Amino acid sequence: MQYIIEQFKALTAIPSPSGFTRAVTEYTAAEFEKLGFAPKLTNKGCILVDLGGEGNPLVLSAHIDTLGGMVAEVKANGRLRITRIGGLVAANVETENCTVFPRFSEKRYSGTCQLVNASAHVNTDLAETKRSFDTVEIVLDEKVASREDVLELGINVGDYVCFDPRTTVTESGYIKSRFIDDKLSVALLLGFAKRLRESGAALSRKVYAFITTYEEVGHGARAGIPQDVEEVISVDMGCVGEGLTCTETQVSICAKDSSGPSDYELTSALIRCAKENGVDYAVDIYPSYGSDADAALSAGYDIRHCVVGQGVYASHGYERTHIDGVRNTLDLLEAYTYQK
């Protein structure tokens, strides 16, 4: 668990909205290499790692890309209007610090996402204003007062805007951060690989780790999966909220998401594994959710699929889970893949 938490902190410290993932994939591939594996990069930057085993190939998929923003307009007053990448919610990033990455410069610029005319002593409609990416803007921490001032810094339309993750782990075991979805599961798969290598355990089948880079925009696992793979388990996040049973300390097994039901036999096998191995789990239906497994199916892969992951509260915002949820997720994956 300590290794997984350390890797999670390292991963969240590397900005990686969809399409801006090269630095974090290079880091992740290097970590798999340190563990003695041979990761391969696909053309669009996904990482495929053969973890060993023979027969009936299985992919454990997690995504390294996150939500973020991109400069859509440099305003006349020197502020930035942004367009969202993935399901970013304007209300969830208001007052958050961020970094702007000019495309053709090594210089980085800090800023804050604020409501337009954000001073409560000036704007009497502050509380009533609907938050959208037309009513919030990026205020740069630079002495700029015009569009020309900003352009001189090298900032322009198409530059990435990455929000601070604010990662913290409490003494009581709670993990709070942006981008738990899905950097925590990438760290978990690194932990799976580390324990597999160090324990000398035998896998009951061929297992691949597949780290994708465009999940948040819908096409992460549409390519790059070996053609003979029979099952894909998307190791992502479990939903926590009203009407659902999962808590942050459990592993969630998804019976159905917004794309349709998970494979019945695979879902049943995961539930049996959890029961037989004392894993604390919940089964839920996710009302508004898509995964890499769905992307693989839409691309025509002939696979059985399911989604599992530690329960996460406040998804696509400042998220929270618990180390017990991480442990239960790891235990479930090992129970399903280790040779008895």
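**Exercise 1. Describe the second largest pocket of this predicted model by volume, lining and residue class.**

*Solution.* Start with the space: the second largest pocket holds about 230 Å³. A pocket here is an open set of points on a 1 Å grid over the protein atoms alone, where a 1.4 Å probe fits, with protein on both sides within 12 Å along at least five of seven lines. Volume is the space filled by probe spheres set on the points, which are joined across faces, edges and corners.

Next, take the lining (residues with an atom within 4 Å of a point). It has 14 residues, and Phe20, Phe101, Pro102, Arg108 and Tyr160 lie nearest the centre.

Finally, sort by class: seven are nonpolar, three polar and four charged. Ala, Val, Leu, Ile, Met, Phe, Trp, Tyr, Cys and Pro count as nonpolar, Asp, Glu, Lys and Arg as charged, and the others, Gly among them, as polar.

A word on the ground rules: residues are numbered from 1 along each chain as its sequence is written, and side-chain values use heavy atoms, without hydrogens or water. In this predicted model, local features need pLDDT of at least 70 and side-chain atom pairs 80 or more, while totals for chains, interfaces and linings use all residues.

**Exercise 2. Now do likewise for the largest pocket.**

*Solution.* Its volume is about 490 Å³. Of the 28 lining residues, Asp181, Ser288, Tyr289, Gly290 and His316 are nearest the centre of the largest pocket. By class, this lining splits into 10 nonpolar, 11 polar and seven charged residues.
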